[in-house]
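Student: I would like a close look at a single part of this structure, taken slowly and with its surroundings included.

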Amino acid sequence: MDGVFRMLRRVFALFAATALMATGLFAASAALEQRQLADQLIRLHVRANSDSQADQSLKLAVRDGILKQVTELTAACTSPAQAAAVLSEHLSALQAAAEEVLRQEGCNASVSVRLGQEEFPRRDYETFSLPAGRYTSLSVAIGAGVGHNWWCVAFPALCLPATTDEMEQAAAAAGFSQEQTDLLTGQQTTVELKFRALELLQQLKQWLKSL
């Protein structure tokens, strides 16, 4: 009986190792595709002062003001690098614009604005999705910046189009490949499976440790 049990353990371990290798290949491919996609984007990350209803409403008002300013500033930009350079030059102006929105709403909170690298979770929007990973981010913190976040894309202006067709047109204008556009709009099933493989990989690693 012990021999049968040991054999079954070996079979399961072999199966798990094979699955782990296959999942690892999917995960590596997914990570590469996420990195290539991230290189085409500048995310927008707005953090509210707190989770109070008033502060969350102010967050959305600041979001709208920032998106308007960013869209105007980057209208002539043809690449994320060019957009990042423009935004870097106008961080003070963006901060002032956000604070002006708050003043108009009767709030005297300060705003900090920076451009850098941030880790983002997977995010599903109305017309597109973005995989988890590290992205260049325009980060806006209102006051203490401890309230719920709002994430989207500052460049290209993917958060403004109301339909999938408009989003695809915006992505194409920004130089996205058809594969990247399909990934954004969820029309590439194999890529979706690869990103799910990232989660499965972690589960398999934990299971092997328990053998």
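Student: What should the 14 residues of helix α4 (residues 91-104) span, and how far apart are its end C-alpha atoms?

Tutor: This is a predicted model, and within it the 14 residues of helix α4, counted at 1.5 Å a residue, should span 20 Å, which agrees with its end C-alpha atoms being 20 Å apart. The buried residues of α4 are Leu94, Ala97, Ala98, Glu99, Val101 and Leu102. An α-helix has 3.6 residues a turn, so residues three or four places apart point the same way. The cover over the buried residues of α4 includes α2 (53-73), α3 (80-89), β2 and β5 (133-142). Just after α4, Gly106 adopts a positive phi of about 80 degrees.

One of the covering elements, strand β2 (residues 111-120), is where Glu118 is placed. Glu118 is buried and yet has no salt bridge, since the nearest side chain of opposite charge, that of Arg47, lies 4.3 Å away, while a salt bridge is counted only within 4 Å. What the side chain of Glu118 does have is a polar contact of 2.6 Å with the side chain of Ser137. Leaving aside neighbours within four places in sequence, Glu118 is in contact with His45, Arg47, Gly133, Arg134, Tyr135, Ser137 and Ser139.

Methods
Residues numbered from 1 in each chain as written. Predicted model: local features only at pLDDT ≥ 70, side-chain atom pairs only at ≥ 80, totals over all residues. Heavy atoms only, no water. Helix = DSSP H or I, 4+ residues; strand = E, 2+ residues; numbered from the N terminus. Buried < 20%, exposed > 50% of the residue type's maximum accessible area, 1.4 Å probe, protein only. Lys, Arg positive; Asp, Glu negative; His and termini not counted. Polar contact = N/O pair within 3.5 Å; in protein donor to acceptor, adjacent residues only side chain to side chain. Contact = heavy atoms within 4.5 Å. Expected span 1.5 Å × (residues − 1).
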